Amino acid sequence: SRTGILKYHFFQKMLKVIWSFNNNPIDKRLVFTVNQGSSGMAYKTGMPVVINVKEDGTSELNLNNDQKKAISNLEFIISCPIFAFDERYNKLSDKVIGILNVSSSHNHSSILIKTPEDRSSLTSKVLAFSKICSLIM
């Protein structure tokens, strides 16, 4: 399993890895445009994105070879937007400032997202963590 935070860089229109935690670190030189990967999809829609890499593959993610290699061993990826916190109103705004990615490469871990109920349950936990990230970014 690995968890990573990608920060959106407005002028470059890129998502760059700024933090990762796992046994298999993410290359911090890896970048995604807002048109690439589950991170880009979550950025553009402002909604969580779940990709079953094992079953669905990566053909619809518009990835280059380095990006494909970086996720080739994954079973699934969940990408959730991190929203800016608006201190004036003491709430999250609708401006996406980053993406929280949670993924797993453990054999058969895609069972965690097999049914719609399982997928929803795990996604809601990742989404809750992305809200905490909003408060500290």
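**Figure 1. Fold overview: the protein holds 4 helices and 6 strands.** Helices (H or I, at least four residues) and strands (E, at least two) are DSSP runs, numbered from the N terminus. The model is predicted: local features need pLDDT of at least 70, side-chain atom pairs count only at pLDDT 80 or more, and totals for chains, interfaces and linings use all residues. Residue numbers start from 1 along each chain as its sequence is written, and side-chain values use heavy atoms, without hydrogens and water. From the N terminus, the element order is β-β-β-α-β-α-α-β-β-α. The radius of gyration is 14 Å, close to the 14 Å of the globule rule for 137 residues, so the protein is as compact as a globular protein of that length. That radius is taken over C-alpha atoms; the rule is 2.2 Å times the number of residues to the power 0.38. The C-alpha trace spans about 45 × 35 × 25 Å along its principal axes.

Figure 2. Buried means under 20% relative accessible area (1.4 Å probe, protein chains only). Of the contacts (heavy atoms within 4.5 Å) with a separation of 6 or more, 56% join residues 24 or more positions apart.

**Figure 3. Helix H1 covers residues 37–45.** Its buried residues are Gly37, Ser38, Ser39, Gly40, Ala42 and Tyr43. Gly46 follows H1, with a positive phi near 70°.

**Figure 4. Charged side chains: 17 are positive and 11 negative.** Lys and Arg count as positive, Asp and Glu as negative; His and the chain ends are not counted. The centres of the two sets lie 7 Å apart, with charges placed at NZ of Lys, CZ of Arg, CG of Asp or CD of Glu.

Definitions and conventions: Buried means under 20% relative accessible area, exposed over 50%, partly exposed in between (1.4 Å probe, protein chains only).
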